[in-house]
Amino acid sequence: MMKDENRKLLGKLVVIAVAMFGFGYALIPVYKHICEVLGINVLTQKDGTVAPPENTQVDRSRSITVELDSNVQGTLRFRPTTNSVTVHPGEMVTVVYEVVNSQGRVVNAQAVPSYAPQSATPHFKKVECFCFKQQTLQAHEAKQMPVMFYLDPKLPKEVKTITLSYTFIEIGGLAQAPQPAAHGGAGQL
């Protein structure tokens, strides 16, 4: 008798679980249709001619020249791929620096930025930069490293040119040369 009641209860639970799964599965197209009708949570536009939104905070009345400079301390070769870019305040820009480890060993390095004039420093906003963390370069590895930035529209009007300079510093210095094994006795080479 107890077994029959347990089987009936198990059957009811299986039916409820299947019904819940079916209800959840059916909600997906219903949800999509409701959102489409109401115009909310639409992931794609139906009209392919819709232009992407434009950043209205870009000050197109001003152009600033950003000169790119590089210095290196250690054995790496490091340079920007372009010497300068023209930027409107508020406009997102990406520039690329290239570093080459010509050594036959792993090199750890860190880039340190500097800006001229100094008054531009608080207005130079980096979104992505290789200078945010230490870089590890394998033996004979070359990397292209982006810097994504914008200039704050509050940049003083008298600033027409900004120099962004990076000094790439090898961390830990040169690897030590292997020391010859010590031999006992005088006159041995």
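## Contacts and overall fold

Among the contacts in the protein chain with a separation of 6 or more, 73% are accounted for by residues 24 or more positions apart. The model is a predicted one, and the protein chain in it holds one helix and nine strands, which follow the pattern α-β-β-β-β-β-β-β-β-β when read along the sequence.

## Burial and surface

Of the 189 residues in the protein chain, 26% are buried. The accessible surface of the protein chain comes to about 13,400 Å², with 59% of that area belonging to carbon and sulfur atoms.

Leu9, Leu13, Ile16 and Met20 make a nonpolar surface patch of about 420 Å². One of these patch residues, leucine 9, lies in helix H1, which spans residues 2–38; leucine 9 counts as partly exposed because its relative accessibility is 49%, a value that falls between the 20% and 50% cut-offs.

## The nonpolar core

The largest nonpolar core has 31 residues, and those with the most contacts inside it are Val66, Tyr97, Phe130, Phe149, Tyr166 and Phe168. The elements giving two or more residues to this core are strands E1 (64–73), E3 (84–87), E4 (93–100), E5 (107–116), E6 (124–129), E8 (142–151) and E9 (161–171).

Valine 66, one of the residues with the most contacts inside the core, touches Asn83, Ser84, Val85, Val87, Phe124, Phe149, Leu151, Ile162 and Leu164, when residues up to four places away in sequence are not counted.

Technical notes:
Residues numbered from 1 in each chain as written. Predicted model: local features only at pLDDT ≥ 70, side-chain atom pairs only at ≥ 80, totals over all residues. Heavy atoms only, no water. Helix = DSSP H or I, 4+ residues; strand = E, 2+ residues; numbered from the N terminus. Buried < 20%, exposed > 50% of the residue type's maximum accessible area, 1.4 Å probe, protein only. Contact = heavy atoms within 4.5 Å. Areas by Shrake-Rupley, 256 points an atom, 1.4 Å probe, with all protein chains shown as cover. Patch = residues over 30% accessible without salt bridge, like charges linked within 9 Å, V, L, I, M, F, W, Y side chains within 5 Å. Salt bridge = Lys/Arg side-chain N within 4 Å of Asp/Glu carboxyl O. Core = buried A, V, L, I, M, F, W, Y, C linked by side-chain atoms within 4.5 Å.
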